[in-house]
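Dear colleague,

Please find below the structure that I am handing over to you.

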Amino acid sequence: MRFSFVAIACFLAFVAVAFGAFGAHALESRVSLARLETWTVAVHYHSLHALAMIALSAALDNKHSVWLQRAQTFFVIGVCLFSGSLYLLVLTDTPQLGAVTPLGGVSLLAGWACAFFAAVQKSHDPDV
């Protein structure tokens, strides 16, 4: 790929581990249990989709698949909107940020739909 989604995914995974540690050690005494659970959900989805990006890049290695590029792009947008809004909600105690979270969820779903089409494309034409 012209743009290295693997590098972006590695960066996202690094940040997810750092944020997970931050939540476990720095936030546990500063925020409510409900907010800590929100943080945990954000880290979980963040980590899962960073790893999914790496797995898709390996399994569907195709520099010309528009579906794979779309999936990766939607995953980056989804992590930023979904997990990012939850991180900010916890850190700023601004519940209104929860309105952004579903947009991130839709982006993650769109990423999985595009990943499906990339996999179907790959199975029909392994040279693509």
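I begin with the crossing of two helices: H2 passes H3 in a left-handed crossing, a term used when the near helix is turned anticlockwise from the far one by less than a right angle, with right-handed used if it is turned clockwise. Helices here are DSSP runs of H or I with at least four residues, strands are runs of E with at least two, and both are numbered from the N terminus. Helix H2 covers residues 33-59 and helix H3 residues 66-92; they pack at an angle of about 165°, and their axes are 9 Å apart. H2 is therefore roughly antiparallel to H3. Axes are lines fitted to C-alpha atoms, for helices over the stretch in contact, and angles run from 0 to 180 degrees between N-to-C directions. Angles under 35 degrees count as roughly parallel, those over 145 as roughly antiparallel, those from 65 to 115 as roughly perpendicular, and the rest as oblique. In the contact of H2 with H3, the residues divide into 18 nonpolar, 6 polar and 1 charged. Nonpolar covers Ala, Val, Leu, Ile, Met, Phe, Trp, Tyr, Cys and Pro, charged covers Asp, Glu, Lys and Arg, and polar covers the others, Gly among them.

Please note that this is a predicted model, in which local features need pLDDT of at least 70 and side-chain atom pairs count only at pLDDT 80 or more, while totals for chains, interfaces and linings use all residues. Residues are numbered from 1 along each chain as its sequence is written, and side-chain values use heavy atoms, with hydrogens and water left out.

As to the overall arrangement, the protein chain has 4 helices and 0 strands. Its C-alpha trace spans about 55 × 25 × 20 Å along the principal axes. Of its 128 residues, 38% count as buried, where buried means under 20% relative accessible area, exposed over 50%, and partly exposed in between (1.4 Å probe, protein chains only). Among contacts in the protein chain with a separation of 6 or more, 72% come from residues 24 or more positions apart; contact means heavy atoms within 4.5 Å.

Helix H1 (residues 5-27) has buried residues that include Phe5, Leu12, Val15 and Leu27. The buried residues of H1 pack against H2 and H3. H1 and H3 pack at an angle of about 20°, with axes 12 Å apart, so H1 is roughly parallel to H3. Their crossing is left-handed. Among the residues making this contact are Phe5, Ile8 and Phe19 of H1 and Gln72, Val76 and Tyr87 of H3. The residues of the contact of H1 with H3 divide into 11 nonpolar, 3 polar and no charged.

Ser57 lies in helix H2 and is buried, with a relative accessible area of 11%. Apart from its neighbours within four places in sequence, Ser57 is in contact with Val6 and Gln72.

Finally, I turn to the cysteines. The structure holds 0 disulfides, a disulfide being a pair of cysteine sulfur atoms within 2.5 Å. Cys80 is in no disulfide, and the nearest cysteine sulfur, that of Cys10, is 16 Å away. Cys80 counts as partly exposed, because its relative accessibility is 49%. The sulfur of Cys114 is 17 Å from the closest cysteine sulfur, in Cys80, which is too far for a bond. Cys114 counts as buried, at 7% relative accessibility.

With kind regards
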